[in-house]
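Good morning, colleagues. Please look at the model on the screen while I go through its architecture and a few of its residues.

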Amino acid sequence: MPSRLVLGLSLVLALSACGGAASDGPPVGTLAVATYGARPSPQAVEVPPIAQALRDVDITSFRQAFEKQRAYSYSRYRRTEQFAEDGLLSAFAEYTFQAQPGSEPVITAADSVGTFDFGLFSGFVSNTVSELDPVDLSDYVLPDDPIYLQDRHLHAYSYETRRDTLMWDRQAHVYEVEARASEGDGYNVRRVRYMIDTQTKELIAVALDRIDLALLYREESSFFLHVRPMSNGDRLPYTSRFYTSVWMPFRDIKRIGTVSTYYGYQRGDGIAREGH
């Protein structure tokens with residue numbers, strides 16, 4: 001079972017090589033053992049309006065996106081990258097898959113350059129691509145009862161409104177939660193952005209930055225998941241991104257990331273196709 005130490009790299013390897021279930025470790029968004037700044041507020045706190053709005057946002061369709069995806073045929077483009085310490089790209093592998101309901105995805109195109117070096121994490125790399133199903137990132141970017149919305153940790157975060165943006169063809173409100181420089185020091189979740197459909201009030205995208213510390217490593221990870229509307233009202237995965245950097249004593253920094261884009265959705269029963 002991958003430990004917390006390999007949460008990020010084991011996830012990116014799952015995203016790029018084997019797919020399927022996420023790490024069996026503690027859910028993302030909880031405090032890791034190394035967290036040293038968390039402390040409960042001794043008194044009842046006033047909930048910031050934005051924090052309350054995020055508690056109340058409709059996350060149902062966001063949570064169900066990957067489950068509903070199984071009823072559709074679609075194409076998926078996936079690119080996995082590794083970067084050297086100087087930031088230059090050292091290796092990449094990209095694939096295009098075709099998925100049909102009830103069948104294993106089929107690789108229709110592939111390209112790669114360079115050789116990946118996963119170091120101590122090579123044991124988590126599958127030598128085959130027997131499983132190509134996408135990893136459901138919703139649990140990673142939006143855990144149950146996220147720490148930044150819990151009463152006793154509200155003091156550690158700031159809550160701001162950002163400029164509206166366009167997500168797919170939908171106008172979206174943008175809300176940002178960020179760990180404070182003092183009170184939030186030591187919290188794993190550093191920054192979160194919610195993008196919420198201005199018309200339906202549904203969550204349509206989440207971006208998450210986190211830092212995990214332990215005695216012998218430091219990991220910085222960023223997640224992004226965007227779901228898009230279908231003509232029948234379903235919301236399905238559109239874009240997912242995950243990047244991680246891991247520092248360990250006397251070893252090269254590991255910087256690895258995976259990006260996936262899903263397109264060409266169509267239901268066999270004709271109920272829904274790509275559209276609005």
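**The sheet and what packs on it**

Let me begin with the open sheet, which has ten strands with antiparallel pairing, in the order β3-β2-β1-β10-β9-β8-β7-β6-β5-β4. Its edges are β3, residues 106–113, and β4, residues 157–167, each of which pairs on one side only. On average, neighbouring strands of the sheet are turned by 10° against each other, with direction ignored. Please keep in mind that this is a predicted model.

How many bridges join β8 to β9? There are twelve, between residues 217–229 of β8 and residues 235–247 of β9, and the two strands run antiparallel. Within this pair, F223 stands opposite F242 in β9.

Two helices deserve mention. Helix α2, residues 49–56, packs on the sheet and touches β4, β5 and β6; its direction makes about 60° with that of β4. Helix α3, residues 60–69, lies across β1, β7, β8, β9 and β10, and runs at about 100° to β9.

The largest nonpolar core comprises 48 residues, and Y148, Y157 and Y194 have the most contacts inside it. Leaving aside residues up to four places away in sequence, Y157 touches I147, Y148, V177, E178, A179, R180, Y187 and V189.

Finally, consider R76, which lies in strand β1. Is R76 buried or exposed? Its relative accessible area is 3%, which is under the 20% limit, so R76 counts as buried. The side chain of R76 is joined to that of S260 by a polar contact of 3.2 Å.

Key
Residues are numbered from 1 along each chain as its sequence is written. This is a predicted model: local features need pLDDT of at least 70, side-chain atom pairs count only at pLDDT 80 or more; totals for chains, interfaces and linings use all residues. Side-chain values use heavy atoms; hydrogens and water are left out. A nonpolar core is a set of buried Ala, Val, Leu, Ile, Met, Phe, Trp, Tyr and Cys residues joined through side-chain atoms within 4.5 Å. Buried means under 20% relative accessible area, exposed over 50%, partly exposed in between (1.4 Å probe, protein chains only). Contact means heavy atoms within 4.5 Å. Two strands pair if DSSP finds at least two bridges between them. Helices (H or I, at least four residues) and strands (E, at least two) are DSSP runs, numbered from the N terminus. Axes are lines fitted to C-alpha atoms, for helices over the stretch in contact, and angles run from 0 to 180 degrees between N-to-C directions. A polar contact is a pair of N or O atoms within 3.5 Å; within protein, one must be able to donate a hydrogen and the other to accept it, and residues adjacent in sequence count only if both atoms are side-chain atoms.
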